[in-house]
Amino acid sequence: MKNIVVPGELLEERPFRTRNTYVEDGKTYSMVLGLYDKETASVTPLEGTWIPHIDDTVVGVVSNVKNSVYEIDLDFHIRSIVIGGKYDRFEFKLGDVIQATIKDIEEKKTIILQYPRLLNGGSVITVTPTKIPRVIGKNNTMIKQIIESTKSRIVVGTNGHIWINGGDDALARAAILRIENEAHVSGLTERIKNMMEQKM
Amino acid sequence: MGSKANKPELIVNGKRLDGRAFDELRPLKIEAGVLKNADGSAYLEWGNNKVLAAIYGPVETQPKHMAEPTRAIIKCRYQMAPFSSLSEHGRTGPNRRATEISKVTKEVFENVVMLNEFPGSMINIFIEILQSDGGTRAAGITAASVALASAGIHMKDLVYAVSVGKIGEELVLDLNMIEDNYSDSDMPMAISPRNNSILLLQMDGGYTKEQLARAMKMAVDAGKTISSIQKEALRDVYKKVAERYESV
């Protein structure tokens, strides 16, 4: 059973520190508005900005081109760049949508990306970054289900941008926006499954 | 503000002008997440006060020289709408009073927001008073606190604020405009309910030592009600979606 907790709410009388909790006087409090799972002792935030981690897949738009360095728009508070080396064979234009992996995170939040890949055509939608784990699902189940039934090509960036191309893209878009809206209600996989079967 | 010469009778038959008891709050209603474009927002109605709070952030700091490499900075703008009040506060643009309230509000939230979580970024708090009836800084802080939580900002606590005043020798809670203008003393406080630490305390007029202790107790007792309304406002947003499926 998951409870909605607010900042400053007492979670446990014993101390444990995870990403969204803090300990004071041997007691644990929540730091964010989120869902508290008693079994795993973790708080999942319901809202919030994206916190980058190395090896995350991201989707962004090329916003600046300087010689062999590309600046990519991922999020408002984070600057990210792709540095092209001598042997790299990629060339992007301003406004291209690309997929890449995070190589390194420097101080002052500059992110260095690697393995960039051009995403041709299609469209990008933005969801709250905290809902991305639900869009992907456990062991990619949710996103696989959507791809199988809509036959679209979908790339999910952990920064909240999702690229969709081909197939029944309207259905895919509707499904993803529905997941964002209902991420905190249990039984979501079932509802998305029904939605897919009805529209087929 | 008001002079002694034309001071109205503020307590009639042991009740206040609007019929409240001495330790009674005005009706309070909060709604979270009302603005789609903002990262977090809240709309608050507290008696005749109507306040809209919006949060934008964390975003890249502008101007860049203000950025701190190890922590986030908070910017706050409190402003009264030109149509919010009868006369005196109704001018547009920042004035002495708005600048002061923006500063003290910023300092309240610097104590509860986990600034280390967002190095080099900036969190913008906008508090817009749409209609004012006394105690707007308390209303603004209460609304901004809910808005910050709905933006997913990491915080130690949900802060609330309330004012306690003195009419004659009686202590009264949550002053409205008339009481504020003609009372003998007025003290807005912002409190963190987890350990009742005081983050803002301003005072017009004076209290004796016993009165001050009693006033603080009144604020903390009233805070339980305010806190529960704040938490309910945040939970309601998600409960509405959940109820649609759990009832079926």
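In this predicted model, B:A215 touches B:V164, B:L171, B:M187 and B:Y207, leaving aside residues up to four places away in sequence, where touching, or being in contact, requires C-beta atoms, placed from the backbone, to lie within 7 Å. B:A215 is found in helix α4 of chain B, helices being DSSP runs of H or I of at least four residues and strands runs of E of at least two, both numbered from the N terminus. Residues are numbered from 1 along each chain as its sequence is written, while chains are lettered from A and ligands numbered from 1 in the order in which they are written. Because the model is predicted, local features need pLDDT of at least 70 and side-chain atom pairs count only at pLDDT 80 or more, whereas totals for chains, interfaces and linings use all residues.

- B:M155 lies 60 residues from B:A215 along the chain, and the C-alpha atoms of the two are separated by 27 Å.

**Helix α2 of chain B**
- The 15 residues of α2(B) should span 21 Å at 1.5 Å a residue, which agrees with the 21 Å between its end C-alpha atoms; the expected span is 1.5 Å times one less than the number of residues.
- Since 15 of the 15 residues of α2(B) are buried, this helix is largely enclosed by the rest of the structure.
- Just after α2(B), B:G152 adopts a positive phi of about 75°.

**Contact between the chains**
- Chain B contributes 26 residues to the contact and chain A contributes 25 residues.
- On the side of chain B that touches chain A, β5 (49–60), α2 (136–150) and α4 (209–246) each supply at least two residues, and α4(B) gives the most, with seven residues.
- By class, that side of chain B has 14 nonpolar, six polar and six charged residues, with Ala, Val, Leu, Ile, Met, Phe, Trp, Tyr, Cys and Pro taken as nonpolar, Asp, Glu, Lys and Arg as charged, and the others, Gly among them, as polar.

**Helix packing in chain A**
- Helix α2 (residues 141–150) of chain A packs with α3(A) at an angle of about 160°, their axes being 10 Å apart; axes are lines fitted to C-alpha atoms, for helices over the stretch in contact, and angles run from 0 to 180 degrees between N-to-C directions.
- α2(A) and α3(A) are therefore roughly antiparallel to each other, a term for angles over 145 degrees, with those under 35 called roughly parallel, 65 to 115 roughly perpendicular and the rest oblique.
- The contact is made by A:M142, A:I146 and A:T150 of α2(A) together with A:L171, A:A172, A:A175 and A:I179 of α3(A), and its residues divide into six nonpolar, one polar and no charged.
- Helix α3 (residues 169–181) of chain A also packs with helix α4 (residues 188–199) of chain A at about 160°, with axes 11 Å apart, and that makes α3(A) roughly antiparallel to α4(A).
- From α3(A), this contact uses A:L171, A:A175 and A:I179, and from α4(A), A:L188, A:I192, A:M195 and A:K199.

**Chain A overall**
- Chain A holds four helices and 14 strands, and 35% of its 200 residues count as buried.

Methods. Two residues are in contact if their C-beta atoms, placed from the backbone, lie within 7 Å. A residue is buried if 20 or more other C-beta atoms lie within 10 Å of its own, exposed if 12 or fewer, and partly exposed in between; C-beta atoms are placed from the backbone.
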